[in-house]
Amino acid sequence: DIFENGKKSSYYKEYEKVYPTLLKMRELYLILLERAKRRGSVELESRENQILLDEHGAPVDILPVVRGDSERMIEQFMLCANEAVATWLHWQSMPSVYRIHEAPPEDKIEGFITFVHNLGFDTSYIRRDAVDNRALGRLLSAAEQKGLFEPVSYSMLRAMSKAKYSEICQPHFGLGIEKYCHFTSPIRRLSDLATHRIIKKVLLGDKAASSYAGYAKRAAAAATEGELRAIAAERSIEDLYKCIFMSKFIGEEFEGRISSVTSFGLFVMLDNTCEGLIPISEMPFECRYDEKNVSLTGRNFTFRLGDKIRIKVEECDTSEGKVRFSLAR
C-alpha cells in the first residue's frame with residue numbers, strides 16, 4: 001500500500017521513519033530484477049490461492065493470491081542472499097546442501113517447441129539439444145505480449161526438470177544462477193538448517209570442513225524426499241477443500257481455461273483455481289487426442305491448452321478430492 005500510494009497511504013504515518021529506507025529497498029529490488037532478466041531467469045508464475053475457512057473449518061471462499069512489489073522485493077533479496085552464501089561456501093570448499101535445477105530433457109523440450117510453434121511463435125532461436133534459459137525467457141515475453149502467457153508458461157513448466165537438493169554444486173537453470181542454495185529459512189526448511197549447521201560447526205568448531213561432506217549428502221537426500229512429501233500433502237488437502245467448496249455449485253456453469261489435455265479428457269481450471277476433468281468418454285461427440293499438438297479434436301472443434309471454455313459442474317467426489325465437469329456448450 002505504501003509503494004502504491006506513498007505519503008497518501010493510511011500506513012504512512014506508522015512507517016514514516018523507515019519510509020526512505022523502503023524506497024531505497026524498492027530501488028534496489030528493481031535493479032536486482034533487471035539483473036535477473038539479463039541472466040535469463042525464467043519466471044513461471046503459478047496461480048496460487050488462499051482458501052478461506054469458517055469457524056468449523058469448512059471452505060467458504062477461494063481467492064487468487066496477487067503478488068505485489070513488496071513480496072517480489074523480499075523474494076529478490078532472498079535470492080541474492082542464497083546466491084552469495086552458496087558462492088562463498090564453494091569458494092571455501094565447504095560442504096553445502098545446494099539447490100540445483102537441471103536443463104529440460106531434450107524429448108520434453110522438443111514437445112514444448114512443437115506446441116508453441118503451432119501457436120504461431122517463432123522458435124528458431126531455441127536449441128533443442130542445448131536449450132538456453134535466456135531463449136525461454138524471450139519466449140515468455142513474446143507470449144505475454146500476445147496474451148498467451150498462461151498456456152505457454154504452463155506448458156513450459158511441464159517440460160522443465162524438477163529442482164532438487166544436492167551436495168554437488170551445479171547451476172540452477174530456472175534462475176540462471178551458477179551457485180545457489182537455500183539459506184534464508186532455517187526455522188522451516190531442512191536444507192537451510194543443514195547449511196547453517198555446517199557453517200556454524202566449521203566456524204566455531206575444530207573439525208575440518210570436509211568431515212561434514214557425508215552429512216551434506218544425507219541432508220540433501222532427506223530434504224528432497226521431504227519436499228516431495230510436503231508438496232503431495234499440500235496438493236491433497238487443497239484438492240479436498242476445493243472439492244468441498246465446488247460441491248455447492250453442482251449444476252451451475254462457469255467459464256474456465258483448459259489447463260491440461262490428456263488422452264482421457266480435458267482438465268479445466270476456473271478463475272478461483274479450482275480444477276475439474278471433462279472425461280473424453282462423456283463428450284457429446286467423438287474426439288481424437290493429438291499428443292504432438294497437445295489437443296483434442298472433434299467435429300469442427302479443437303480444444304487446446306489455454307483455450308477458454310464454458311463448463312458445467314457435474315460431480316464432486318470428496319473421497320478422492322476430484323471434480324467432474326461437462327461441456328456447457
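# Close-up views of a predicted model

**Figure 1. The largest nonpolar core of the predicted model.** This core comprises 46 residues, and those with the most contacts inside it are Phe-112, Leu-136, Leu-266, Ile-278 and Ile-309. At least two residues of the core come from each of the helices α4 (106-118), α5 (133-145), α6 (149-159) and α8 (213-246), and likewise from each of the strands β5 (253-262), β6 (265-270), β11 (308-317) and β12 (322-327). Apart from this core lies another, of 13 residues, which includes Met-94, Tyr-98, Ala-209 and Ala-216. In soluble globular proteins, nonpolar side chains tend to be buried together.

**Figure 2. The surroundings of Leu-136.** When neighbours within four places in sequence are set aside, Leu-136 is in contact with Val-42, Ile-109, Phe-112, Val-131, Met-156, Met-160 and Phe-173. Among these partners, Phe-112 is, like Leu-136 itself, one of the residues with the most contacts inside the largest nonpolar core.

**Figure 3. Helix α6 and its packing.** The buried residues of α6 are packed against α4 and α5. Phe-149, Pro-151, Val-152, Ser-153, Ser-155, Met-156 and Ala-159 are buried in this helix. Of these, Met-156 is also in contact with Leu-136.

**Figure 4. Aromatic pairs, with Tyr-12 and Tyr-19 as one example.** The count of aromatic pairs comes to six. The ring centres of Tyr-12 and Tyr-19 are 5.1 Å apart and the ring planes stand at 85°; the pair is therefore edge-to-face. Both Tyr-12 and Tyr-19 are buried. Phe-249 and Phe-254 also form an edge-to-face aromatic pair, with 5.7 Å from centre to centre and 90° between the planes.

**Figure 5. The cluster of Phe-245, Phe-249 and Phe-254.** Ring pairs join Phe-245, Phe-249 and Phe-254 into a cluster. Phe-249 has a relative accessible area of 21% and is partly exposed. Phe-254 likewise counts as partly exposed, because its relative accessibility is 22% and the limit for a buried residue is under 20%.

**Figure 6. Charged ends over aromatic rings.** The charged end of Arg-138 sits over the ring of Tyr-125, at 3.7 Å from the ring centre. In a second case, the charged end of Lys-146 sits over the ring of Phe-121, at 4.5 Å from the ring centre.

**Figure 7. Cysteines Cys-243, Cys-274 and Cys-316.** The structure holds zero disulfides. Cys-274 is in no disulfide, and its nearest cysteine sulfur, that of Cys-316, is 8.7 Å away. For Cys-316, the closest cysteine sulfur is that of Cys-243, at 4.7 Å, which is too far for a bond, because a disulfide requires sulfur atoms within 2.5 Å. Cys-274 is buried, with a relative accessible area of 1%, and Cys-316 is buried with a relative accessible area of 15%.

Figure 8. Along the principal axes, the C-alpha atoms fill a box of roughly 70 × 55 × 40 Å. The protein has 329 residues, of which 39% count as buried. Among contacts with a separation of 6 or more, 62% are accounted for by residues 24 or more positions apart. The protein exposes about 19,200 Å², and carbon and sulfur atoms supply 51% of this area.

Note on methods
Residues are numbered from 1 along each chain as its sequence is written. This is a predicted model: local features need pLDDT of at least 70, side-chain atom pairs count only at pLDDT 80 or more; totals for chains, interfaces and linings use all residues. Side-chain values use heavy atoms; hydrogens and water are left out. A nonpolar core is a set of buried Ala, Val, Leu, Ile, Met, Phe, Trp, Tyr and Cys residues joined through side-chain atoms within 4.5 Å. Buried means under 20% relative accessible area, exposed over 50%, partly exposed in between (1.4 Å probe, protein chains only). Helices (H or I, at least four residues) and strands (E, at least two) are DSSP runs, numbered from the N terminus. Contact means heavy atoms within 4.5 Å. Rings of Phe, Tyr and Trp (its six-membered ring) pair if their centres lie within 6.5 Å; planes under 30 degrees apart count as stacked, over 60 as edge-to-face and the rest as tilted. A charge sits over a ring if NZ of Lys or CZ of Arg is within 6 Å of the ring centre and within 35 degrees of the ring normal. Accessible areas come from the Shrake-Rupley method with a 1.4 Å probe; for residues, only the protein chains shown count as cover.
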